[in-house]
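My notes follow in the order in which I looked things up.

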Amino acid sequence: MILQIYLKFEESSGYPAQVQALYERAITDFPIASDLWLDYTRYLDKTSKLSKVVREVYSRATKNCPWVGELWVRYLLCLERSRASEEELASVFEKSSQCTFSTIDEFLDLFLTRVDGLRRRFSFTGEVWDYSIIRETFKLGHD
């Protein structure tokens, strides 16, 4: 796709606002192009300091391409990096677990990301370990 070649060229130019505008234009024209969403979110993860913007883009990406497990995994990691509340993380995880993915590995990655995120949250924040959340996550993955 010529557009993706042009986007890569612009990414190398070092003007993030211009690149973001081009990605926005591209996803307006091709809203269910999962490769485009993956490239866009990867670019924002590397360059954007505005976590609210990145979170909003991930939200749109998963609404437009709910079948892409990698987008959901990276969305959860983005929320974790931006110190989202447990309620928001749980809500996104719940939405993702209702989707249909093409492989079982995508489900596995999603559940492992959630459990690892809970482990990190409890380890680094000093919160009291609530094993019931982890237990419920494993139970959901088993069912």
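Entry one, a single residue. I looked up C65 and found 0% relative accessibility, so C65 counts as buried; buried means under 20% relative accessible area, exposed over 50% and partly exposed in between, with a 1.4 Å probe and protein chains only. I note that this is a predicted model, in which local features need pLDDT of at least 70, side-chain atom pairs count only at pLDDT 80 or more, and totals for chains, interfaces and linings use all residues. Residues are numbered from 1 along each chain as its sequence is written, and side-chain values use heavy atoms, with hydrogens and water left out.

I then asked where C65 lies. C65 sits in the loop between α4 (51–64) and α5 (69–81); helices (H or I, at least four residues) and strands (E, at least two) are DSSP runs, numbered from the N terminus. I set aside the neighbours within four places in sequence and listed the contacts of C65 as P31, I32, A33, S34, W37 and L71, where contact means heavy atoms within 4.5 Å. P31 is 34 residues away from C65 in sequence, yet 8.3 Å away in space, C-alpha to C-alpha.

Entry two, the whole chain. I counted 8 helices and 0 strands. Of the 143 residues, 40% count as buried. Among contacts between residues at least 6 apart in sequence, 49% join residues at least 24 apart.

Entry three, helix α1. I checked the length of α1 (residues 2–13): its 12 residues should span 16 Å at 1.5 Å a residue, and the end C-alpha atoms are 17 Å apart, which agrees. The expected span is 1.5 Å times one less than the number of residues. Which residues of α1 are buried? They are L7, E10 and E11. They cover an arc of only 105° around the axis, which puts them on the same side of α1; the arc is that of the directions from the helix axis to the C-beta atoms. The face turned away from that side carries the exposed residues I2, I5, F9 and S12. The cover over the buried residues of α1 includes α2 (16–29) and α3 (34–47). Just after α1, G14 has a positive phi of about 90°.

Q4, L7, K8 and E11 of α1 make the contact with D35, L36, D39 and Y43 of α3.

I found 33 residues in the largest nonpolar core, and Y23, W37, Y40, L71, W72 and L110 have the most contacts inside it. Such a core is a set of buried Ala, Val, Leu, Ile, Met, Phe, Trp, Tyr and Cys residues joined through side-chain atoms within 4.5 Å. α5 gives the most to this core, with 7 residues. I also listed the buried residues of α5, among them L71, W72 and C78. Not counting residues up to four places away in sequence, Y23 touches L7, K8, E11, L36, D39, Y40 and Y43.
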